[in-house]
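Dear colleague,

Please find the structure below, handed over for your own work. My notes on its ligand site and on one of its pockets follow.

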Amino acid sequence: MENVLAKKDLQIAILGAGISGLTVGVRLMERSWSNVTIYSEYIAADGLERRPLVSEVACALWLPIWTRQKEVDDSYRAREVYWSRYSFNKFKELDCSCGIELVHHREFYTEAEVEGGLAIPSELSNMLPGFVGQPVASPPPMPNDMPALTYEQSFETYVVAMPVYLSWLVHRFRELGGKFGSGIIFRSLDDVRRIDAKLYVNALGLAGGHIFGDATMVGVKGQVVLCPPDPNICCSVGVGEYCLIPRRDALVLGSLLQRTFTDSNPTQENIDLILRVVRPWIASGLFHRRNSTSAGKGLKTPSARASSAGLRPFRPSGIRVELEQFDRFCVVHNYGHGGAGVSLSWGCAETVVDLLNEFDK
Ligand SMILES: Cc1cc2nc3c(=O)[nH]c(=O)nc-3n(C[C@H](O)[C@H](O)[C@H](O)COP(=O)(O)OP(=O)(O)OC[C@H]3O[C@@H](n4cnc5c(N)ncnc54)[C@H](O)[C@@H]3O)c2cc1C
């Protein structure tokens with residue numbers, strides 16, 4: 001017992017203050033580690049004038065997709081299912097003051113997507129409230145040059161207003177006694193070594209790969225258009241890389257999956273791409289409440305209030321959550337969450353803390 005307590009006093013440095021780093025910070029403090037500091041170029045939701053973090057741009061639905069592209073073995077698959085389920089159950093415990101709401105979601109697929117295994121698998125669908133998977137009866141209108149939608153999954157899930165939620169995580173971490181280091185940019189492993197700690201958590205998102213010698217990371221650009229909230233929209237909708245999400249703070253239209261791009265900032269071209277697909281969904285009235293004040297009255301897309309973009313930290317072989325031992329220190333990696341960093345955040349954080357608890361000092 002004494003040994004365990006002594007271990008939990010060791011200085012831990014978390015690198016990165018997006019959703020991955022902050023969630024690990026909170027879980028470490030909740031599980032009795034006492035000396036935890038988060039270091040980062042930026043702290044999410046710190047209110048500074050700057051480009052938003054990927055974590056702040058996210059829509060963000062619990063929808064664990066776009067996490068990898070290569071075939072994975074059964075043990076990796078089981079870990080991803082565990083991370084997804086664990087996080088869903090954790091969101092269930094949090095209330096709306098954290099920026100989390102339950103939403104009815106409808107995800108539409110083409111035949112090729114269903115055959116390619118992109119629909120939500122039964123290991124996850126069996127825990128989703130109200131889950132129904134069926135051939136599409138009334139698909140959202142789509143441009144003629146896009147393939148027909150044949151299958152629909154609908155269920156209750158969580159939508160997270162990221163600016164509110166990240167502020168809550170920062171507050172929770174501080175409240176539990178966690179500390180933030182001053183702003184720092186890591187360019188190499190030597191920069192990391194300059195921080196005085198024996199244990200590190202790598203939650204640097206896209207940068208988490210190259211600093212630790214993993215050259216496989218790819219930035220996949222996404223963009224969202226934020227419109228004023230519309231309480232008349234009754235559900236969130238997803239079709240491939242497009243979505244419509246009614247949050248309390250904004251109506252979010254998004255979100256694109258671009259592996260090649262010339263500009264990592266939000267562009268007008270991308271706003272047009274998103275509106276071309278999502279505007280007709282809104283105009284159709286299909287996703288409005290029956291008694292809504294605007295349904296059937298010549299629906300228009302509300303004008304964009306803002307648009308932001310981010311590069312998803314995509315790792316083709318899947319998320320890396322594992323311990324790596326160096327000469328004088330030890331790193332637990334937690335990066336490469338692609339399009340699902342929010343959906344898997346609590347589960348991955350739990351595995352990180354388990355690995356640190358098992359680490360033999
Ligand atoms: C448009 C869009 C929509 C999305 N929608 C969803 C969704 O609906 N559901 C979902 O689950 N996920 C969604 N995602 C994906 C999700 O946003 C990411 O998987 C997640 O935010 C990754 O979080 P992270 O903490 O690992 O990385 P980041 O948010 O990138 O955080 C990395 C941290 O490391 C710091 N950092 C990075 N490099 C350095 C450096 N060199 N030196 C010092 N500090 C550094 C940063 O400042 C930051 O604090 C979406 C993403 C986008 C772009």
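**Pocket and ligand shell**

The lining of the second largest pocket comprises 14 nonpolar, seven polar and 11 charged residues (Ala, Val, Leu, Ile, Met, Phe, Trp, Tyr, Cys and Pro count as nonpolar, Asp, Glu, Lys and Arg as charged, and the others, Gly among them, as polar). The model is predicted: local features need pLDDT of at least 70, side-chain atom pairs count only at pLDDT 80 or more, and totals for chains, interfaces and linings use all residues. Residues are numbered from 1 along each chain as its sequence is written, and side-chain values use heavy atoms, with hydrogens and water left out.

This pocket (an open set of points on a 1 Å grid over the protein atoms alone, where a 1.4 Å probe fits, with protein on both sides within 12 Å along at least five of seven lines; lining residues have an atom within 4 Å of a point) lies between domain 1 (1–99 + 161–217 + 315–361) and domain 2 (103–158 + 218–314), because both give residues to its lining. The domain bounds come from an automatic or database domain assignment.

Around the ligand there are 37 residues, of which Ser 20, Ser 55, Leu 61, Gly 338 and Ser 343 come nearest (near means a heavy atom within 4 Å). Polar contacts are pairs of N or O atoms within 3.5 Å. A polar side-chain atom of Ser 20 is 2.7 Å from a ligand oxygen atom, and one of Ser 40 is 2.9 Å from a ligand oxygen atom. Gly 338 places a backbone N or O atom 2.7 Å from an oxygen atom of the ligand. By class, the ligand shell has 20 nonpolar, 15 polar and two charged residues.

Yours sincerely

Terms used: A polar contact is a pair of N or O atoms within 3.5 Å; within protein, one must be able to donate a hydrogen and the other to accept it, and residues adjacent in sequence count only if both atoms are side-chain atoms.
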